[in-house]
Amino acid sequence: MKKEKRDIEKSYPDKQFVQKLRRLADAIEKGKRFQIQIAGERISVPADAVFNIEHERGKHEEELEFQLKWKLQ
């Protein structure tokens, strides 16, 4: 099944964001798949995903991204 291109940025209240990070950290520690729903679509991140941290600095703002990348099957 071919998936459509997508680029969504979603904000969450602090408490929800922390809960999602906690679930992600637990999945990573256990070597398990992580599942999350974003804007109505369920995303399944495989246990062998690559993790990286990206920092961007512009003239008026900075951005820190925690990224998970994996190959589509």
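In what follows, a residue is called buried at under 20% relative accessible area, exposed at over 50%, and partly exposed in between, with a 1.4 Å probe and protein chains only. By that scale R57 and E62 are both exposed.

The structure is a predicted model, in which local features need pLDDT of at least 70 and side-chain atom pairs count only at pLDDT 80 or more, while totals for chains, interfaces and linings use all residues. Residues are numbered from 1 along each chain as its sequence is written, and side-chain values use heavy atoms, with hydrogens and water left out.

R57 and E62 also form a salt bridge, their closest N and O atoms lying 3.5 Å apart. The term stands for a side-chain nitrogen of Lys or Arg within 4 Å of a carboxyl oxygen of Asp or Glu. Two such bridges are counted by this rule. R6 and E41 form a salt bridge as well, with 2.2 Å between the closest N and O atoms. This pair links distant parts of the chain, since R6 lies in the segment before α1 and E41 in strand β2 (residues 41–45), 35 residues apart. R6 is partly exposed, because its relative accessibility is 34%; E41, at 30%, is partly exposed too. Side chains of opposite charge can pair when their charged atoms come close.

Helices (H or I, at least four residues) and strands (E, at least two) are DSSP runs, numbered from the N terminus. Strand β3 (residues 50–57) and strand β4 (residues 62–69) run antiparallel and are joined by eight bridges; strands count as paired if DSSP finds at least two bridges between them. The two strands form a hairpin, with four residues between β3 and β4. Within this pairing, H55 stands opposite L64 of β4.

Next comes the interior. A nonpolar core is a set of buried Ala, Val, Leu, Ile, Met, Phe, Trp, Tyr and Cys residues joined through side-chain atoms within 4.5 Å. The largest one consists of six residues, L24, A27, F34, I36, V45 and A49. Two or more of its residues come from each of α1 (14–30) and β1 (34–38). In soluble globular proteins, nonpolar side chains tend to be buried together.

Contact here means heavy atoms within 4.5 Å. Apart from neighbours within four places in sequence, A27 is in contact with K32, R33 and F34. Q37 has its place in strand β1. Its relative accessible area is 41%, so Q37 is partly exposed. With neighbours within four places in sequence again left aside, Q37 is in contact with Y12 and R42.
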